[in-house]
Amino acid sequence: MIGEVCSQCRNGIVLPVLVAALWRACREVVKAERRVGSWAQETSHTWLGFARAQVRSARYRDGTVRELLSGPLGDADLADQAQSVLTAWESVMDKQRAVLSAFRAQCPDPVLSAAVGTACDAVLSQRDVQRTGEGLAQAVRGGWGWNVRPGPLVCRVWSNARLQGSSADEAGQAAFTALESKWGRGVRVTDVSALEPPMLTSGEGHPTPAAWADAEFRERWGAFALMCCVRLEETLEQVRPGGDGDVLLLVEGWPLVATADLDLAFLSRWDPVGPSVPTAFGRRRYEERGSHDDFGRHAGYASSAAVVLSVPAWAAQRAQAGSRHAGRLRVGPGVTGDTLVDRAAQLDMLRSVFPLLAEDFESDRPLGQASDLVQEERRRARLLLEARRPFQPGPEDPEQEENWVRYLAADRPGVLWVPGEDEETWMAATDLLGVLRAPFGSLVPMALHVETGPCSALGLHTLHGRLVDVDRERGLVVFALGESDRWVFQVPMGRVVAVSRPRERAGRGERPLWQAAR
């Protein structure tokens, strides 16, 4: 049946649910296979390209594909086709792993990447380089090529060339060609006063002062490119990564896929140790830029995780060298080799970014048993529940159900549900979920008040997002952080204080994804 449906018709017909799931799984296989071919033909192997390829790899879609195939695999008519698709999916995943492994092996040496980045930072920080570059840009201000920043342009092209294995002469020629493409033809000097003495050319032999100024400008930008490349090579020879042993490095905004992450992309050489947690860094980056990331997705989504890496000390030093990355990188303790000690340090670093870790549930009390802190907070929440909700929803009372929807949609913050053992509490949870799953119910912002941290250091936090499910049998509350399904948490019932409708924020701006309880 799948073979009879063309891609042009898929939006014009309605397929049975299981057939549609099988069709979507087939599309995932085809897309993954195409990426294998494109990565295998890639000739420019950079760490930024590797990070972007990893994000698009099949392993990030494995759970989705297997979930799509779970239904067809259990259907007698579709089981054989579904098994064929699953086999093809596993095969393409193996191919992608092999291609990405080869991609990584062809990326620049991380030591060279760090040294090149250090050389660029050193040259761009020199006052005469800054002053000369600003003077050249000022000379053509308001005319063609006015928005060129010559220093960063030369360093960027030179570093890319060196990281791809080019010699010093080839990298210098590439930088000169890049600047020539901006200022080589048709650029006229608009501010002669920006060309400070000494002059590089004579005024003789030029028909007009303007023609002399243009010739002087050409000589100056060529000399500037040469000066920068010479200094870059000299600095590169002197730079040697320092620092002994490995350290833990916390990185916010992972994976490093944005163009702004170019000088950090070499960190993709090391895989994260431990789990990843959500961070507000991606949202801050999107708000500051006010546009889509060049990777083809919102920067807030592409870099919404925080991870801990185990990297050489010199890599951590290099990553922190750029002041524009201050605040998103934190160097932790050195790696001791003791699994328990290193694991504890990793989790402590992650808790500084996001308070709720699944690893903290492993040492919890028996399932469903709440601590004294949670029980006391629940008692207070029940008092608020009785005071702020004058009615109970019920499936047999349509009028009350309509009032309940209006109550949720209106600006009436308050506690909506508190865990308990009685049957009435579970019925209230079912009713609440029924309303939230109705049309427009998913648009209602919700807040989950939870106990966080390990048993030795408990705290209270509020998460903002959507209530997905209340699983009585497993004793879990399923909650999606924010407005997407990127971060979905299964919180033990013993950790949950209450579910509420949060207050509207005063003024403009988005609600934080989480905050400490007041």
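Phe-489 is buried, with a relative accessible area of 16%, where buried means under 20% relative accessible area, exposed means over 50%, and partly exposed lies in between (1.4 Å probe, protein chains only). The residue belongs to strand β9 (residues 488-492); strands (E, at least two residues) and helices (H or I, at least four) are DSSP runs numbered from the N terminus.

The model is predicted, so local features need pLDDT of at least 70 and side-chain atom pairs count only at pLDDT 80 or more, whereas totals for chains, interfaces and linings use all residues. Residues are numbered from 1 along each chain as its sequence is written, and side-chain values use heavy atoms, with hydrogens and water left out.

Strand pairing was examined next, two strands being paired if DSSP finds at least two bridges between them. An open sheet is formed by four strands in the order β2-β3-β1-β4, with antiparallel pairing. Strands β2 and β4 (329-334) stand at its edges with a single partner strand each, so one side of each has no neighbour in the sheet. Four bridges connect β1 and β4 in the antiparallel sense, and Val-247 has Gly-334 as its bridge partner in β4. The peptide bond from Trp-254 to Pro-255 is cis, with omega near 5°. Pro-255 is located in the loop between β1 (246-254) and β2 (277-278).

A further set of pairings involves strand β10 (residues 496-501), which is mostly covered, six of its six residues being buried. Strand β5 (residues 414-417) runs antiparallel to β10 and is joined to it by three bridges; Val-415 has Ser-500 as its bridge partner in β10. Strand β6 also pairs with β10 in the antiparallel sense, over four bridges, and here the partner of Val-450 in β10 is Val-496. Glu-451 lies in β6 (residues 446-452). With a relative accessibility of 0%, Glu-451 counts as buried. Its side chain forms a polar contact of 2.5 Å with the side chain of Ser-371. A polar contact is a pair of N or O atoms within 3.5 Å; within protein, one must be able to donate a hydrogen and the other to accept it, and residues adjacent in sequence count only if both atoms are side-chain atoms.

Side chains of opposite charge can pair when their charged atoms come close. The whole structure contains 23 salt bridges, each defined as a side-chain nitrogen of Lys or Arg within 4 Å of a carboxyl oxygen of Asp or Glu. One of them joins the side chains of Arg-61 and Glu-28 at 2.8 Å, N to O. This pair links distant parts of the chain, with Arg-61 in the loop between α2 (47-55) and α3 (62-73) and Glu-28 in helix α1, 33 residues apart. Arg-61 is partly exposed at a relative accessible area of 34%, whereas Glu-28 counts as buried at 10% relative accessibility.

Arg-351 takes part in a salt bridge with Asp-348 (2.7 Å, N to O) and in another with Asp-360 (2.6 Å, N to O). Asp-348 and Arg-351 are three residues apart in helix α13 (residues 339-351), so about one helical turn separates them. Asp-348 counts as partly exposed at 48% relative accessibility, and Asp-360 as buried at 2%. Elsewhere, a network of salt bridges links Glu-376, Glu-377, Arg-379 and Arg-380.

Rolling a probe the size of a water molecule over the atoms shows where empty space is left. A cavity is a set of points, on a 1 Å grid over the protein atoms alone, where a 1.4 Å probe fits but cannot get out, and lining residues have an atom within 4 Å of a point. Grid points are joined across faces, edges and corners, and a volume is the space filled by probe spheres set on the points. By this rule there is one cavity of 30 Å³ or more, and the largest cavity holds about 40 Å³ of space. Its lining includes Glu-28, Arg-61 and Trp-89. Helices α1 (17-40) and α4 (79-106) each supply at least two lining residues, and the largest share, four residues, comes from α1. The lining divides into three nonpolar, two polar and five charged residues; Ala, Val, Leu, Ile, Met, Phe, Trp, Tyr, Cys and Pro count as nonpolar, Asp, Glu, Lys and Arg as charged, and the others, Gly among them, as polar.

Terms used
On a 1 Å grid over the protein atoms alone, a cavity is a set of points where a 1.4 Å probe fits but cannot get out, and a pocket is an open set with protein on both sides within 12 Å along at least five of seven lines; lining residues have an atom within 4 Å of a point.
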